[in-house]
Amino acid sequence: MLIVAAPITLDRSTTPPTATGGTLRVCHPWLATPTNLTPISYRHRGE
């Protein structure tokens, strides 16, 4: 299962930082095939 939340706003003026906003996208089932992953944060090509 892959769950992606975006866009998220990060407020670094608080301690600890606070994340707000975002919409969830759920991919289930999700198969993490190594050829479909790019290590930049992680991006899955497909669907």
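The exercises below, each followed by a worked solution, concern a predicted model of one chain.

In this predicted model, local features need pLDDT of at least 70 and side-chain atom pairs count only at pLDDT 80 or more, while totals for chains, interfaces and linings use all residues. Residues are numbered from 1 along each chain as its sequence is written, and side-chain values use heavy atoms, with hydrogens and water left out.

**Exercise 1.** Determine how many helices and strands the chain has, and which elements have the lowest and the highest mean pLDDT.

*Solution.* Begin with the terms: helices (H or I, at least four residues) and strands (E, at least two) are DSSP runs, numbered from the N terminus. On this basis the chain has zero helices and six strands, and reading along the sequence gives the pattern β-β-β-β-β-β. Next comes pLDDT, which is the predictor's confidence in each residue, from 0 to 100. The chain has a mean pLDDT of 88, with 91% of its residues at 70 or more. Among the elements, the lowest mean, 66, belongs to strand β6 (residues 43-44), and the highest, 95, belongs to strand β4 (residues 23-27).

**Exercise 2.** Describe the dimensions of the chain and state what percentage of its residues is buried.

*Solution.* Start with the C-alpha trace, which spans about 40 × 20 × 15 Å along its principal axes. Then classify residues by relative accessible area, where buried means under 20%, exposed means over 50%, and partly exposed lies in between (1.4 Å probe, protein chains only). Of the 47 residues in the chain, 2% are buried. Finally, take contacts, meaning heavy atoms within 4.5 Å: of those with a separation of 6 or more, 16% are between residues 24 or more positions apart.

**Exercise 3.** Locate aspartate 11 and find which residues it touches.

*Solution.* Aspartate 11 is placed in strand β2 (residues 9-11). Aspartate 11 counts as partly exposed because its relative accessibility is 34%. If residues up to four places away in sequence are not counted, aspartate 11 touches Pro17 and Thr18. The side chains of aspartate 11 and serine 13 are also joined by a polar contact of 2.5 Å; such a contact is a pair of N or O atoms within 3.5 Å, where within protein one must be able to donate a hydrogen and the other to accept it, and residues adjacent in sequence count only if both atoms are side-chain atoms.

**Exercise 4.** Decide whether histidine 28 and proline 29 are buried or exposed, and give their C-alpha distances to isoleucine 3 and leucine 2 respectively.

*Solution.* Histidine 28 is found in the loop between β4 and β5 (37-38), and proline 29 lies in that loop between β4 and β5 as well. Histidine 28 is exposed because its relative accessibility is 58%, and proline 29 is exposed because its relative accessible area is 72%. Histidine 28 and isoleucine 3 are 25 residues apart along the chain, with their C-alpha atoms separated by 8.5 Å. For proline 29 and leucine 2, which are 27 residues apart in sequence, the C-alpha to C-alpha distance is 7.9 Å.

**Exercise 5.** Find where the cis peptide bonds from alanine 6 to proline 7 and from threonine 15 to proline 16 place their prolines.

*Solution.* As background, most peptide bonds are trans. The bond from alanine 6 to proline 7 is cis, with omega near -15°, and proline 7 lies in the loop between β1 and β2. The bond from threonine 15 to proline 16 is likewise cis, with omega near -5°, and proline 16 is in the loop between β2 and β3 (18-20).
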